[in-house]
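Me: I've got a model open and want to talk through how its pieces pack. Can we take it one question at a time?

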Amino acid sequence: MQGQAQQQAYDRGITIFSPDGRLYQVEYAREAVKRGTASIGVRTPEGVVLAADKRSRSPLMEPTSVEKIHKADDHIGIASAGHVADARQLIDFARRQSQVNRLRYGEPIGIETLTKEVTDHIQQYTQVGGARPFGVALLIGGVENGTPRLYETDPSGTPYEWKAVSIGADRGDHQEHLEENFRDDLTLDEGIELALEAIASTSDEGTAPDGVDVGTVSAESERFVELSNDEIESYLEANDLLATEDDEQTEE
């Protein structure tokens, strides 16, 4: 009983390390990320692809109200997994930092610079009493001086740079698919196809166009663009990933 009481004390205090050097609340925040629907990022020489599974819980929910991919600046997109409300706060913070950089220096913010601004903000919430960590992970992708960059943020406040990565539910399966199929010479279209294939790899049914979001930042234009449902449908159909009417009726 005494050991259990000690465990609860370390469990409740965000600023207190356990005897084995763990912050339990940060680990619980990572579990919250695992419960969120997946987001996937792929970096290619031609640009960055962000794709997100946004299947709704109910057929009555308006698909456009489920936002998983956001524009942070003209050249930066962000995808999330975990608590949506926490993601919105961090994305608003990223947008403010992007605008401050433009006003202060007269140039777009660097992808690495923005990622570290965001992760510094996240880290503060792992050592302040009376607050909790952000229960969300982000993929920050964009183009900096013609070079595509892709970063992941962790609830601990640690940034990681990736060639291709998955966050959220079924991360292990998605990551395995990416590792098996990723190539350094992928085109932007092939990057979109790989991201969609990874999302579809954990579903027995196909993927509906309104059940996934896709955004890209081309190295040539350095502009963030979200694909329309028609464009997503063409990619799904070309790769035999499109859900049939029978599959959609079965889901309902």
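Me: Over how many bridges do strand β1 and β8 pair, and in what sense?
Reply: Keep in mind this is a predicted model. Strand β1 covers residues 39–44, and its pairing with β8 runs in the antiparallel sense. One spot to look at is glycine 41, which sits opposite valine 165 of β8. The count of bridges between β1 and β8 is four.

Me: What does the twist average from one strand to the next?
Reply: We're still on the open sheet ordered β8-β1-β2-β9-β10. Going from one strand to the next, the twist averages 15°.

Me: At about what angle does helix α6 run to β2?
Reply: Helix α6 is residues 188–200, and it lies across β1, β2 (47–53) and β9 (212–218). Relative to β2, α6 runs at about 25°.

Me: Are α3 and α4 parallel, perpendicular or oblique to each other?
Reply: The axes of α3 (residues 84–105) and α4 (residues 111–124) come within 10 Å and cross at roughly 135°. Angles over 145 would count as roughly antiparallel and 65 to 115 as roughly perpendicular. The two helices are therefore oblique.

Me: Which residues of α4 make the contact with α3?
Reply: α3 passes α4 in a right-handed crossing. From α3, the contact uses Leu90, Phe93, Ala94, Gln97 and Ser98. The contact residues divide into six nonpolar, three polar and one charged. On the α4 side they are Leu114, Glu117, Val118, His121 and Ile122.

Notes: Residues are numbered from 1 along each chain as its sequence is written. This is a predicted model: local features need pLDDT of at least 70, side-chain atom pairs count only at pLDDT 80 or more; totals for chains, interfaces and linings use all residues. Side-chain values use heavy atoms; hydrogens and water are left out. Axes are lines fitted to C-alpha atoms, for helices over the stretch in contact, and angles run from 0 to 180 degrees between N-to-C directions. Angles under 35 degrees count as roughly parallel, over 145 as roughly antiparallel, 65 to 115 as roughly perpendicular and the rest as oblique. A crossing is left-handed if the near helix is turned anticlockwise from the far one by less than a right angle, and right-handed if clockwise. Contact means heavy atoms within 4.5 Å. Ala, Val, Leu, Ile, Met, Phe, Trp, Tyr, Cys and Pro count as nonpolar, Asp, Glu, Lys and Arg as charged, and the others, Gly among them, as polar. Two strands pair if DSSP finds at least two bridges between them.
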